[in-house]
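Please keep the structure in view while reading.

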Amino acid sequence: MAFRDSIAALVDLVLPADCAGCGAFEAPWCPACAVRLGTPSWPALAGGPQVLAAGRYTGPLRSAVLRYKERGRRDLAGPLAAVLRPLLEELAGETHALTWLVPAPSRPSAARARGGDHVARLCRSLASGRDDVRVIPALRLTRLARDSVGLDAGQRAANLSGRVRLRPGRLPPPGAAVVLVDDVVTTGATLRACRAALNEAGVPAEVALVLCDATRRHP
Ligand SMILES: [Zn+2]
């Protein structure tokens with residue numbers, strides 16, 4: 001293991017001392033944030049895949065994702081993974097088979113700026129201590145993909161089309177139960193691009209697990 005990787009592995013083990021949502025001195029969530037994390041749901045995505053979200057993109061869950069992703073709080077991987085754990089049970093619980101988590105890839109420049117791929121770290125935390133869950137970073141984003149902030153649904157799809165690629169030699173085994181993982185779902189374009197890349201290699205990936213549902217709701 002390279003020196004950088006061993007440092008990253010150590011950082012993964014650090015536990016936060018404050019509330020993941022608001023920074024109050026109570027870990028992993030203060031009581032006020034704990035009751036406002038939201039309820040899991042299956043937001044409907046036109047064109048799929050099926051996605052199970054821990055909560056809406058609001059309140060303490062959104063703050064925690066932003067602190068984790070944009071403010072260098074890598075130690076929040078643990079509390080955020082803990083939010084996903086019961087949802088993973090719901091997805092995988094019935095099958096008793098090995099589940100392979102495939103993280104939605106970040107742009108290489110964004111991952112470097114964040115000190116590593118934040119979704120992959122979330123997956124590692126989710127799988128840690130379990131022998132029925134594995135993480136396989138099967139996908140990568142080519143350098144051409146732009147940051148999706150501010151793009152509409154069509155632009156997001158065009159931005160991602162063909163830019164999610166397989167990493168050579170990093171495929172889940174044939175017949176594996178695959179769960180795509182991402183932090184936020186907005187239009188589903190990222191998840192569909194991930195699914196398409198895996199499908200091309202003959203790997204079905206029809207289910208996804210995300211922290212935050214930021215889809216538009218039509219009343
Ligand atoms: Zn709090």
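Which strands does helix α6 lie across? Helix α6 (residues 118–127) lies across β2, β3 and β6, and runs at about 160° to β3.

## Basis

This is a predicted model, in which local features need pLDDT of at least 70, side-chain atom pairs count only at pLDDT 80 or more, and totals for chains, interfaces and linings use all residues. Residues are numbered from 1 along each chain as its sequence is written.

Helices (H or I, at least four residues) and strands (E, at least two) are DSSP runs, numbered from the N terminus. Axes are lines fitted to C-alpha atoms, for helices over the stretch in contact; angles run from 0 to 180 degrees between N-to-C directions.

## The sheet

The order β1-β7-β6-β2-β3 describes an open sheet of five strands with parallel pairing; strands pair if DSSP finds at least two bridges between them. At the edges are β1 (50–56) and β3 (133–135), each pairing on one side only. From one strand to the next, the twist averages 25°.

Six bridges join β6 (residues 177–185) and β7 (residues 207–213) in the parallel sense. Leucine 180 stands opposite alanine 208 in β7.

## Two packed helices

Helix α7 (residues 153–160) packs with helix α8 (residues 189–200) at an angle of about 30°, their axes 9 Å apart. That makes α7 roughly parallel to α8, a term for angles under 35 degrees. The contact (C-beta atoms, placed from the backbone, within 7 Å) involves Ala153, Arg156, Ala157 and Leu160 of α7, and Ala189, Thr190 and Ala193 of α8.

Conventions. Two residues are in contact if their C-beta atoms, placed from the backbone, lie within 7 Å. Angles under 35 degrees count as roughly parallel, over 145 as roughly antiparallel, 65 to 115 as roughly perpendicular and the rest as oblique.
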